[in-house]
Amino acid sequence: VITCKSQRELAYMKDAGRIAARAHEELGKAIRPGVTTKELDEIAADFIISRGGRPAFKGLYDFPANICTSINEEVVHGIPSPYRRLQEGDIISIDIGVELNGYFGDCARTFPVGDVSEATRELLRVAEEALYRGIAEARVGRRLSDISHAIQSYVEAHGFSVVREFVGHGIGTSMHEEPQVPNFGPPGRGPRLKPGMTLAIEPMVNMGTHEVVTLDDNWTVVTKDLSLSAHFEHTVAVTNGRPEILTLP
Ligand code: MG
């Protein structure tokens, strides 16, 4: 079942989403060579809790940390560690979920660490733009896979690939609700979008193959060819007008 949220519920989701987006801003100030991913996890948790929220990934399917930190070839679900220090030229994808008053917000972005190569900057630019191309399709009367197709066609036109095994999702009073929101596929398929539907749209974009592998920790997903991967995500509401991003600072 795909639930449609009332205006009041959307306001609650925006409150949760704002905390997640502002936690990203805090992390943006802290990301530099030498910092550990565990330190970033603590900064995010302290910030979220100080605003009355709860880091929603902690314990979700037994995930052991507050946020996901995925470096370079790591695609998603990297586990913060006191032993993993950022290095100049890395990229780090940070995924943050927040619950507040029973409603959820979910957003991700990939940050460069210091100076990165021109090719890496292009990967981040294309992944972020792909997210906005997807969001632009989150309109009443479109079908779900119009979002998927917009993302895939933009990414592939720029020579990169989209991950198939992990997808976006409905979100609201749970982190993961129906429907699944793939980042690939033909247009014109799936349910018609209605006002009040809330979707976490989250392209994962690889420099090389779209194929991924999960490491022995049973969490960290890496690209099969160890090429770089970027991840951008917003929680978005379908409205009678323009799509509304709920994870804004
Ligand atoms: Mg998500």
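Is E233 buried or exposed? At 1% relative accessibility, E233 counts as buried, where buried means under 20% relative accessible area, exposed over 50% and partly exposed in between (1.4 Å probe, protein chains only). This is a predicted model, in which local features need pLDDT of at least 70, side-chain atom pairs count only at pLDDT 80 or more, and totals for chains, interfaces and linings use all residues. Residues are numbered from 1 along each chain as its sequence is written, and side-chain values use heavy atoms, with hydrogens and water left out.

**Magnesium site**
- D106 (OD), H169 (NE2), E202 (OE) and E233 (OE) coordinate the magnesium ion at 2.1 to 2.4 Å; donors are N, O and S atoms within 2.8 Å of the metal (3.2 Å for Na, K and Ca), and sites may look incomplete because water is not among the atoms.
- The sequence spacing of the donor residues is D-x62-H-x32-E-x30-E.
- D106 lies in strand β5 (residues 103-112) and E233 in the loop between β13 (229-231) and β14 (234-237), so the pair ties together parts 127 residues apart in sequence. Helices (H or I, at least four residues) and strands (E, at least two) are DSSP runs, numbered from the N terminus.
- D106 is buried, at a relative accessible area of 2%.

**Nonpolar cores**
- A nonpolar core is a set of buried Ala, Val, Leu, Ile, Met, Phe, Trp, Tyr and Cys residues joined through side-chain atoms within 4.5 Å.
- The largest has 29 residues, of which L123, I147, I151, V155, L193, L199 and I201 touch the most other members.
- At least two residues of this core come from each of α3 (118-136), α4 (144-157) and β9 (198-201); α3 supplies the largest share, seven residues.
- Another core, of 23 residues, lies apart from it and includes I31, F47, I92 and V98.
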